[in-house]
Amino acid sequence: MHLPEGRRQASAILLVAPLFHELPRSRRLLTEMASHLASLGFPAMQFDFYGMGDSMGLGEDTDFDSMRRDLRVAEASLRERIHADSRDRLIVIAFRGGALPVMSWIAAGARPDLVVLWEPILDGLNWLQELEREDAAERRSPGRYSSIRTGRQRDSDDDAGDDLQLMGVAASRKLREDLAEFGMPPPEAREHVAFWAVTRPHMRALELDPEFGLALDADAPEFGGGTRMESALFLSPGVRAIVDALGQAMLAWSGAAARADGGAGS
């Protein structure tokens with residue numbers, strides 16, 4: 001939890017981390033982002049889904065149902081810790097695959113005020129297939145298995161993957177099914193939520209029309225790209241500039257919302 005040192009904004013931020021192997025690689029980046037946003041007056045909270053990261057539980061019990069419960073609990077905890085009232089807005093920043101359970105949560109009736117989709121994955125089936133291909137490649141990597149480097153034969157089953165592991169992280173069969181069957185919430189479930197996006201130049205058009213968008217430089221660090229921790233992400237100057245621009249836009253949005261409520265905008 002990152003709290004402002006001075007006057008806080010009438011909005012609080014819930015950061016939803018990317019999934020699977022992208023989570024540990026992005027831990028430092030999200031922490032630095034949360035700290036920077038808190039310096040602008042936004043209480044910012046990070047959390048891990050049940051069975052992922054540093055949370056309790058087993059990954060085999062993680063699916064979209066458990067993730068929706070976690071999002072409800074995280075929102076309630078954030079509001080309680082800042083003593084929020086009815087005027088406080090909830091901003092959700094969902095990174096990469098974290099967008100999938102957030103959109104599922106919205107489809108189930110959640111109504112955050114603003115959702116920022118950061119390089120979002122919104123095609124669960126295609127992403128699952130990409131991860132399975134990357135997982136198979138990692139299992140064959142000479143840099144990972146000494147038996148390949150020394151020329152010893154590995155069991156053919158080693159390359160076939162593991163129904164409960166994906167990119168070295170637990171992935172239940174139910175979670176894989178949820179990813180494969182994911183569908184965007186219908187328009188009526190999204191009409192009361194504002195959507196912004198942070199994307200890369202090469203990303204295809206999103207299935208929703210963001211009200212505001214920022215573009216990362218083509219050479220900005222990527223969340224994907226293997227499981228090794230030496231490729232951990234940090235707040236590079238280019239990404240910091242995007243976070244700064246996003247923070248300023250959220251300040252303006254939060255102030256306008258407060259004035260619309262008759263509160264004192266900032």
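Which residues is F20 in contact with, leaving aside its neighbours within four places in sequence? I looked this up before anything else, taking contact to mean heavy atoms within 4.5 Å, and the list I found is M52, W127, L131, L166, V169, A170, A171, L175 and L179.

**Ground rules**

I am working with a predicted model, in which local features need pLDDT of at least 70 and side-chain atom pairs count only at pLDDT 80 or more, while totals for chains, interfaces and linings use all residues. Residues are numbered from 1 along each chain as its sequence is written, and side-chain values use heavy atoms, with hydrogens and water left out.

**The core around F20**

I then turned to the nonpolar core, defined as a set of buried Ala, Val, Leu, Ile, Met, Phe, Trp, Tyr and Cys residues joined through side-chain atoms within 4.5 Å. Buried here means under 20% relative accessible area, exposed means over 50%, and partly exposed lies in between, for a 1.4 Å probe and protein chains only. The largest such core has 77 residues, and F20, W118 and M250 are those with the most contacts inside it. Helix α8, residues 237-260, gives the most to this core, with 8 residues; I take helices (H or I, at least four residues) and strands (E, at least two) as DSSP runs, numbered from the N terminus.

β1 runs parallel to strand β3 (residues 89-95), to which 6 bridges join it, and V16 stands opposite A94 of β3. With strand β2 (residues 44-47), β1 pairs in the parallel sense over 4 bridges, and there L14 stands opposite M45. Between β1 and β2 the chain passes through helix α1 (residues 22-39), and this β-α-β crossover is right-handed, a term that applies if, with the strands pointing away from the viewer, the path from the first strand over the helix to the second runs clockwise.

**Strand β4 and its partners**

β4 pairs with β3 in the parallel sense over 5 bridges, F95 standing opposite W118, and a right-handed β-α-β unit is made by β3, helix α3 (residues 99-107) and β4. β4 also pairs in the parallel sense with strand β7 (residues 194-199), over 5 bridges, and W196 in β7 is the bridge partner of V116.

**Rings**

Counting rings of Phe, Tyr and Trp (its six-membered ring) as paired if their centres lie within 6.5 Å, with planes under 30 degrees apart stacked, over 60 edge-to-face and the rest tilted, I found 6 aromatic pairs. F47 and F49 form an edge-to-face pair, 5.1 Å centre to centre with 80° between the planes, and both residues are buried. F95 belongs to strand β3 and F223 to the loop between β8 (212-215) and α8, 128 residues apart. Ring pairs link F95, W118 and F223 into a cluster.

**Salt bridges**

Which side chain meets D48 in a salt bridge? With the rule that a side-chain nitrogen of Lys or Arg lies within 4 Å of a carboxyl oxygen of Asp or Glu, I found R27, at 2.9 Å, N to O. D48 is buried, at 16% relative accessible area, while R27 is partly exposed, at 28%. R27 also meets D54 (3.6 Å, N to O); because D54 lies in the loop between β2 and α2 and R27 in helix α1, this pair ties together parts 27 residues apart in sequence.

Definitions and conventions:
Two strands pair if DSSP finds at least two bridges between them.
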